[in-house]
Amino acid sequence: MHDDREPQYQFETRAIHAGQEPDPETGAVIVPIYQTSTYRQEAVGVHKGYEYSRTGNPTRAALETALASLEGGAWGLAYASGLAATANVMYLLRPGDHVLLSDDAYGGTYRLVDKVLQPWGLTYTQVDLTDPARVREALKPETKLVWVETPTNPYLKIAPIAELAEVAHGGGARLVVDNTFASPYLQQPLAHGADIVLHSTTKYIGGHSDVVGGALVGNDPAVREILAFHQNAVGAVPGPQDCFLLLRGLKTLAVRMERHSANGRAVAEFLRGQDAVERVYYPGLPDDPGHAVAARQMRDFAGMVSFTARGGLEAAKRVVASTKLFFLAESLGGVESLIEHPGLMTHASLAGSGFEIDPGLIRLSVGIEHVDDLIADLRQALTAGVLEAAAIRD
Ligand SMILES: *Cc1c(COP(=O)(O)O)cnc(C)c1O
């Protein structure tokens with residue numbers, strides 16, 4: 001932990017206390033929702049640190065302090081969504097600059113780079129970021145960012161953060177790690193050399209599927225200054241109510257991630273034993289290709305599990321429509337379990353890109369319900385889905 005504000009406290013304690021002092025006016029234990037757009041000034045420029053809520057808001061400031069503390073960073077910035085945070089990082093670049101992106105980058109990140117930033121003059125290459133040697137080869141003199149997700153979405157591949165930081169820095173590029181799938185409880189990329197950590201706080205940090213948000217955390221004060229300028233200049237900021245919900249989610253992040261990880265592992269082990277399942281992707285399985293690196297840089301392996309159903313697209317479509325507890329829905333990281341078909345849902349924007357998803361792939365966000373109920377639900381859905389698909393083929 002590098003938090004010099006509260007170095008004496010462990011993660012679980014900082015999740016509840018960092019940036020979250022009782023309100024000095026009233027003693028309220030919970031940071032209030034400062035639902036105000038503006039702040040009274042005693043004289044021109046004489047105020048208590050707040051002038052206008054796009055620029056700064058006390059509920060948002062509490063969230064930003066807490067997030068910085070939990071990632072072990074010197075600063076945090078909160079945004080209206082994960083993609084707003086992504087766009088704010090991209091404003092560090094200029095036309096002609098080049099970005100290295102994972103070959104299974106989050107669909108929205110890919111879409112932003114390919115459809116919005118490329119026409120504006122940015123170039124990009126997609127590579128397999130699990131292999132630092134391939135990344136070194138793909139670096140160009142104009143490469144300014146290496147954009148890593150680990151675990152990736154939806155194949156849950158693991159990229160070695162420390163090695164990639166070394167390669168990126170050797171080429172004069174910054175390393176950005178999208179830490180959404182791990183959460184700061186399970187993985188802290190800054191400690192491994194990353195320059196900026198990104199979160200879709202919509203996912204594990206919020207944890208209750210009731211808010212959309214994003215965040216950036218880092219150490220370099222010069223980078224903070226530029227990003228905070230962009231945050232205000234572009235204006236994609238979260239409202240105080242959303243910041244309140246995220247602070248509330250943060251308080252239980254550690255205990256939720258432990259249960260997500262335990263349930264994720266049990267579900268992955270169950271799936272691997274099923275005839276109806278062709279392949280399971282979960283970095284917590286000891287024979288998963290990413291396991292050794294994941295075990296080095298993660299505390300545990302979270303609740304995201306992907307698998308291919310025997311019978312391809314038809315079987316996969318039937319399985320995702322047959323679960324009762326696992327809701328068929330996009331997104332992830334909430335207390336309730338979700339199931340989805342990446343090729344047709346979250347990653348549909350990859351169609352035609354050369355990086356299409358296996359049509360038989362199913363992605364689970366394993367929640368914190370009782371694991372026996374979750375496994376029973378998957379068992380009946382696999383039976384129903386794969387049998388129906390086989391009956392149609394015959
Ligand atoms: C959801 C997600 C994003 C985008 O975040 P939004 O809050 O939906 O804008 C970025 N990266 C990953 C890995 C995600 O899962």
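**Exercise 1. Locate N153 and state whether it is buried or exposed.**

Step 1. N153 lies in the loop between β4 (143-149) and α6 (161-170); helices (H or I, at least four residues) and strands (E, at least two) are DSSP runs, numbered from the N terminus.

Step 2. The structure is a predicted model in which local features need pLDDT of at least 70 and side-chain atom pairs count only at pLDDT 80 or more, while totals for chains, interfaces and linings use all residues. Residues are numbered from 1 along each chain as its sequence is written, and side-chain values use heavy atoms, with hydrogens and water left out.

Step 3. The relative accessible area of N153 is 1%, so this residue is buried. Buried means under 20% relative accessible area, exposed over 50%, and partly exposed in between (1.4 Å probe, protein chains only).

Step 4. The side chain of N153 makes a polar contact of 2.7 Å with that of R363. Such a contact is a pair of N or O atoms within 3.5 Å; within protein, one must be able to donate a hydrogen and the other to accept it, and residues adjacent in sequence count only if both atoms are side-chain atoms.

**Exercise 2. Which protein atoms lie 2.8 Å from an oxygen atom of the ligand?**

Step 1. For G82, a polar backbone atom is 2.8 Å from a ligand oxygen.

Step 2. For S200, a polar side-chain atom lies 2.8 Å from an oxygen atom of the ligand; for K203, a polar side-chain atom lies 2.8 Å from a ligand oxygen.

Step 3. Taken alone, the ligand exposes 380 Å², of which the protein buries 92% (Shrake-Rupley method, 1.4 Å probe; for residues, only the protein chains shown count as cover).

**Exercise 3. Where is S69 placed, and how far is it from A15?**

Step 1. S69 is in helix α2 (residues 58-71). With a relative accessible area of 0%, S69 is buried.

Step 2. S69 and A15 are 54 residues apart in sequence, and their C-alpha atoms are 8.1 Å apart in space.
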